[in-house]
Amino acid sequence: MLKVGLTGGIAAGKSVVGEMLVALGAHLVQADRIAHSLMQPGEAVYNEVVRHFGREILNRDGSVNRAKLAEAAFGPATSEEGVSRIQQSRIEELNRIVHPVVIRNQEAWLEETGRQDPHAVAVVEAALILEAGAGDRFDRLIVVTCGAEQRVSRFAARQKIDLEAARKEVVRRMAAQLPDEEKIKVADYVIDNSGTLAQTREQVRQVWGKLSAPLSAI
């Protein structure tokens with residue numbers, strides 16, 4: 001089995017690339033979905049997050065309001081100056097709660113996938129693979145990139161907010177992530193998602209050929 005990390009900055013198009021890889025035959029798990037399941041009431045991670053960030057982050061039904069949690073961790077999206085040192089500490093606090101459990105779930109998924117399909121290309125899609133120090137857990141690393149303004153417009157469309165609000169939120173989130181330039185340095189493959197879907201799909205097809213070739217020879 002080949003373990004592949006799929007990462008990139010906010011709104012770069014990781015999920016789009018992940019879907020394309022699945023269409024070609026890859027197995028995929030999304031760290032964001034794992035984290036979302038861990039944030040359900042009654043889960044240990046949920047309890048720790050509420051203990052550290054307060055019940056103000058909850059909806060009336062007790063579920064986590066992800067926008068309120070983001071504001072508690074990243075600070076209000078009121079400027080383009082990134083995050084303060086205090087907010088960086090709060091982000092790290094959230095990551096210390098969530099990341100270890102997400103990584104354990106990813107490892108369990110990889111183990112089960114390998115048992116079911118020893119020749120699998122198993123892809124873990126996660127925004128913070130490198131930030132969490134998990135890069136060495138993978139055999140290959142794919143980094144997805146796009147232009148700054150594309151990132152903003154895509155985030156605005158996804159969240160159904162205006163461009164100015166999206167720009168502030170993207171700046172706020174990106175302050176907690178490594179810049180693309182740093183991620184590219186350690187990537188095995190880089191997919192530029194700033195063009196058309198057809199252009200991205202062709203890049204994914206070429207990468208898939210390289211990922212699947214060693215396994216087909218086994």
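The count of salt bridges comes to 14, a salt bridge being a side-chain nitrogen of Lys or Arg within 4 Å of a carboxyl oxygen of Asp or Glu. The model is predicted: local features need pLDDT of at least 70, side-chain atom pairs count only at pLDDT 80 or more, and totals for chains, interfaces and linings use all residues. Residues are numbered from 1 along each chain as its sequence is written, and side-chain values use heavy atoms, with hydrogens and water left out.

One of these bridges joins Asp-32 and Arg-66 at 2.8 Å, N to O. Asp-32 lies in helix H2 and Arg-66 in helix H4, so the pair ties together parts 34 residues apart in sequence; helices are DSSP runs of H or I with at least four residues, strands are E runs of at least two, and both are numbered from the N terminus. Asp-32 is partly exposed at 48% relative accessibility; buried means under 20% relative accessible area, exposed over 50%, and partly exposed in between (1.4 Å probe, protein chains only).

Within helix H3, Arg-51 and Glu-48 are three residues apart, about one turn, and their closest N and O atoms are 3.0 Å apart. Arg-51 is exposed at 59%, whereas Glu-48 is partly exposed at 30%.

The largest nonpolar core has 36 residues; such a core is a set of buried Ala, Val, Leu, Ile, Met, Phe, Trp, Tyr and Cys residues joined through side-chain atoms within 4.5 Å. Its largest share, eight residues, comes from H5. Leu-94 touches Met-39, Val-49, Phe-53, Leu-69 and Ala-73, not counting residues up to four places away in sequence, where contact means heavy atoms within 4.5 Å.
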